[in-house]
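Colleague: I would like a close look at a single part of this model. Please keep the account plain.

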Amino acid sequence: MKKYFIPLLAVTTAMFAYAPIMIANAPFEASMGLVSKIFYFHVPSWFAMFTAVFICGIQSAMFLFKGKPTADRIAVSAAEVAVLFGLMGLVTGPLWGRKSWGIWWPWDARVTIALILELTFIAYLLVRKFGGPGSEKLAAALAIFGMFNVPFLYMSVNIWRTIHPKTSVVPALPTGMPGPFWFSVAAYLLLMTLLIQLRLQLEERRAALDALYLEEE
Amino acid sequence: MFAKVALLVLRKDVVIEAKSFEMFSTTLFFAVSCVLVFAFALVRDGTIVADAAAGILWIAIAFAGTLALGRTFERERYAETLRALLLAPAPRAAIYVGKLLGIVLLLAVAEAALVPLVTLLFSAPLFARPLLLAGLLLAGTVGFAAVGTLFAAMLVRSRTRDVMLPILLYPITVPVIIAGVRGTAALLEASPDEPVARMWIALLAAFDVVFITLALWTFEPLMTE
């Protein structure tokens with residue numbers, strides 16, 4: 001993974017540089033006009049967050065049952081990146097909501113699920129920071145529980161009320177919109193990979209430093 | 001062997017509790033205080049905002065449950081008996097089940113006092129469908145306690161356990177709160193909506209099965225030092 005870092009960085013930078021041009025040239029959505037452009041970075045940020053959440057959950061399970069320290073380092077990196085992308089989605093979402101539904105926070109199903117997942121992973125980071133010794137295991141359990149909680153959240157919140165654009169919106173996009181959209185998704189997923197990798201390197205250096213201190217003593 | 005160990009742990013907790021009434025009295029008192037605090041916020045001109053009774057009941061259960069969960073392992077920590085429990089030649093998961101049964105029992109007794117109180121104070125027809133309400137309360141309490149017992153056990157060694165327990169517990173138990181509140185609200189309608197209440201009980205039962213399985217599965221590696 002490390003040796004692909006520089007080429008991947010170059011590709012991602014180029015994609016992010018080109019994305020605004022693609023988005024600007026994409027056709028206007030009939031009913032929303034300019035606001036619909038939020039969609040090109042709002043939806044991809046959720047794609048990136050959910051991917052990072054599942055990376056964190058699976059790596060946490062690996063850490064808890066196999067005891068691999070690398071898995072724990074990947075999990076904490078993924079959790080931080082998930083919180084970052086989640087925050088991005090939670091900021092861009094209300095901007096769209098204000099314009100299209102007239103309210104900042106609609107309490108609809110998907111919005112609520114996203115908020116709770118974000119809270120779960122902020123809790124993950126809080127436990128790791130303030131939980132004291134042994135908190136990695138605790139955090140790993142929280143990540144696993146958080147992952148398995150997704151279907152229940154989905155069901156319970158969905159029965160509540162839904163006004164969010166359905167997932168079926170994506171395949172039915174007007175001509176000229178899917179290209180820039182999937183381009184943005186790919187760019188965001190690449191960015192997520194790079195950020196996790198970068199964070200992982202930091203975590204590995206920290207572990208190496210700890211090992212050196214232990215040797216010294 | 002498994003059931004025997006679980007029942008022994010439960011019996012031990014019940015005997016200690018029956019002698020001191022410490023957890024029961026504090027939990028119940030706290031639950032009643034919660035109900036009163038919410039009453040001040042939600043009662044206008046002597047009548048309560050529609051649907052609020054269901055919310056008050058479940059918030060009181062969740063808050064009081066957190067308090068009880070924090071205490072259940074505190075006793076083991078003071079007496080250094082948790083290590084003894086874990087060293088015992090018994091399946092660790094059975095210890096978890098015993099502790100879980102203890103919490104569910106304690107909360108069930110507290111709920112038995114809380115439900116009449118809410119009925120009385122807010123003239124909410126909670127006893128219109130007693131069996132469905134009991135099903136909701138039981139399934140919800142088991143789900144809440146299943147997650148909570150595991151987290152409380154893990155946090156025993158942590159310095160910041162009092163702060164961390166609610167932080168970890170509430171995001172994960174959101175489905176329990178939603179299902180409990182909506183299910184109870186369906187029963188409080190002028191003509192109780194039974195199918196809706198049954199659907200929420202089914203969701204809670206599925207939640208219980210998944211999370212108890214997960215807890216049994218993770219308890220062993222989590223409690224190993």
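Colleague: How many residues does helix H1 of chain A have, and how far does it reach from its first C-alpha to its last?

Modeller: This is a predicted model. Helix H1 of chain A covers residues 5–25, which makes 21 residues. From first C-alpha to last, H1(A) reaches 30 Å, and this is close to the 30 Å expected at 1.5 Å a residue.

The helix also has a bend. At Tyr18(A), H1(A) bends by about 30°. A proline, Pro20(A), follows within four residues of that position.

Next come the buried residues. In H1(A) they are Phe5(A), Thr12(A), Met15(A), Ala19(A) and Ile23(A). In an α-helix there are 3.6 residues a turn, so residues three or four places apart point the same way.

For contrast, here are two loop residues from chain B. Most residues other than glycine have a negative phi. Phe21(B), in the loop between helix H1 (2–20) and helix H2 (22–42) of chain B, has a positive phi, near 55°. Its relative accessibility is 48%, so Phe21(B) counts as partly exposed. Ser123(B) is not a glycine either, and its phi is positive at about 40°. Ser123(B) sits in the loop between helix H5 (92–122) and helix H6 (130–155) of chain B. Because its relative accessibility is 65%, Ser123(B) counts as exposed, the cut-off for that being over 50%.

Definitions and conventions. Residues numbered from 1 in each chain as written. Chains lettered and ligands numbered in written order. Predicted model: local features only at pLDDT ≥ 70, side-chain atom pairs only at ≥ 80, totals over all residues. Heavy atoms only, no water. Expected span 1.5 Å × (residues − 1). Bend = angle between axes of the 7 residues up to and from the residue. Buried < 20%, exposed > 50% of the residue type's maximum accessible area, 1.4 Å probe, protein only.
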